[in-house]
Amino acid sequence: MQRREFFKKLGVAAAAGAVLPSLALSNEAAAPKPKGPNELSYKDAVNAITGGKKVVNSPLVHLKAPEIAENGAVVPVTVEVDSPMTENDYVKAIHIFATKNNNTRCIDVHLTPANGKAMFATRIKLGGTQEVAALVELSNGTFLVATQSVKVTIGGCG
Amino acid sequence: MSKRKAIIKIKPNKYANGEVVKVNLMVMHPMETGMRKDKETKATIPAHYINNVKFVYNGKVITTMNVWESLSTNPVFTTYMKIDGEGELSVTFTDNTGEVNEKSIKITPKG
């Protein structure tokens, strides 16, 4: 009797040992990707800014970014908008997005007529090959957008 | 309040009243995303990035920026500005830990 019980217990323990690691593994696989502090997808970010308004692809917005970036940690991006920048007609804001980064928002620039020229340049980090987008808000309330894809050979987000 | 190194450059060097000039701001900042891990201890390095930049020229706010962690280390901000009389251009930048820094440059138009 004792021997039988001992083997029973042994069997249960073995079964549990076999199951547990697989459970742990499946947990790891199902765990979500590491989240950044301000994770936000491109669609949500654009919706939050435009409030559901129509966004038009426009040739007035010139987005300059390299087609192939060797290092994703430093990607120069330039946005220029054809605008007279007077009191009645000026560029209110320029938003730059990296569409597939954990937090797609890179920078919002709020301009005034005192700038004289609607241009902004900076350097951003890209986690991988993706599209860079520039969303421009004009003083009359319309939204223009320009996108360009950038191929990244070495990612820049850790 | 710690002092961070920042450089403001205005191009061209000589400018007249009413001219539109390029303003180049460079800040020495680590811009940690909060997703990177220390290679030895495997601990996540906490996020540390600039979240607000403000350009003030003669008491008038000309440009404000909301910034997130996707900007590169030691970020560069380039904008344009219309020269409107003698005065001072000051830039204030805040980061997510509450650190506030200020840098200013004198504007002296010639001709």
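Modeller: Helices (H or I, at least four residues) and strands (E, at least two) are DSSP runs, numbered from the N terminus. This is a predicted model, in which local features need pLDDT of at least 70 and side-chain atom pairs count only at pLDDT 80 or more, while totals for chains, interfaces and linings use all residues. Residues are numbered from 1 along each chain as its sequence is written, chains are lettered from A and ligands numbered from 1 in the order in which they are written, and side-chain values use heavy atoms, with hydrogens and water left out.

Biologist: How many helices and strands does chain B have?

Modeller: Read along the sequence, the pattern of chain B is β-β-β-β-β-β-β. The secondary structure of chain B therefore comes to zero helices and seven strands.

Biologist: In what order do the elements of chain A run from the N terminus on?

Modeller: Chain A comprises two helices and nine strands. From the N terminus on, the order of its elements is α-α-β-β-β-β-β-β-β-β-β.

Biologist: What share of the contacts in chain A with a separation of 6 or more comes from residues 24 or more positions apart?

Modeller: Contact means heavy atoms within 4.5 Å. In chain B, residues 24 or more positions apart account for 57% of the contacts with a separation of 6 or more. For chain A, the corresponding share is 66%.

Biologist: What percentage of the 111 residues of chain B count as buried?

Modeller: Buried means under 20% relative accessible area, exposed over 50%, and partly exposed in between (1.4 Å probe, protein chains only). Of the 158 residues of chain A, 40% count as buried. Of the 111 residues of chain B, the figure is 42%.

Biologist: Which residues of chain B lose the most area to chain A?

Modeller: Buried area is the accessible area (1.4 Å probe) that two parts lose on being put together, summed over both. Between chain B and chain A this area is about 2,600 Å², with carbon and sulfur atoms giving 54%. Together making up 25% of what the chain B side buries, the residues that lose the most are Trp68(B), Ser70(B) and Tyr80(B).

Biologist: How many residue pairs are in polar contact between chain B and chain A?

Modeller: A polar contact is a pair of N or O atoms within 3.5 Å; within protein, one must be able to donate a hydrogen and the other to accept it, and residues adjacent in sequence count only if both atoms are side-chain atoms. The contact takes 30 residues from chain B and 30 residues from chain A. With both residues at pLDDT 80 or more, the count of pairs in polar contact is 17.

Biologist: Which element gives the most to the side of chain B that touches chain A?

Modeller: Strand E2 (20-27), strand E4 (60-67) and strand E5 (76-82) of chain B are the elements that give two or more residues to that side. With eight residues, the element that gives the most is E4(B).

Biologist: Which residue forms a salt bridge with Arg4(B)?

Modeller: A salt bridge is a side-chain nitrogen of Lys or Arg within 4 Å of a carboxyl oxygen of Asp or Glu. The structure holds two salt bridges over all chains, and the count between chain B and chain A is zero. In one of the two, the closest N and O atoms are 2.7 Å apart, and the partner of Arg4(B) is Glu99(B).

Biologist: How many residues apart in sequence are the parts that this pair ties together?

Modeller: Arg4(B) is partly exposed at 24% relative accessibility, whereas Glu99(B) is buried at 14%. Arg4(B) lies in the segment before strand E1 (6-11) of chain B and Glu99(B) in the loop between strand E6 (87-95) and strand E7 (100-107), so the pair ties together parts whose separation in sequence is 95 residues.

Biologist: Is Glu32(B) buried or exposed?

Modeller: Glu32(B) meets Arg36(B) in a salt bridge of 2.7 Å, N to O. Arg36(B) is partly exposed, at 35% relative accessibility. Glu32(B), with a relative accessible area of 14%, is buried.

Biologist: Where is Met31(B) found?

Modeller: Most residues other than glycine have a negative phi, and most peptide bonds are trans. Phi of Met31(B) is positive, near 50 degrees, and Met31(B) is buried at 1% relative accessibility. Its place is in the loop between E2 and strand E3 (50-57) of chain B.

Biologist: Which residues does a cis peptide bond join?

Modeller: Pro12(B) is placed in the loop between E1 and E2 of chain B. With omega about 0 degrees, the cis peptide bond joins Lys11(B) and Pro12(B).
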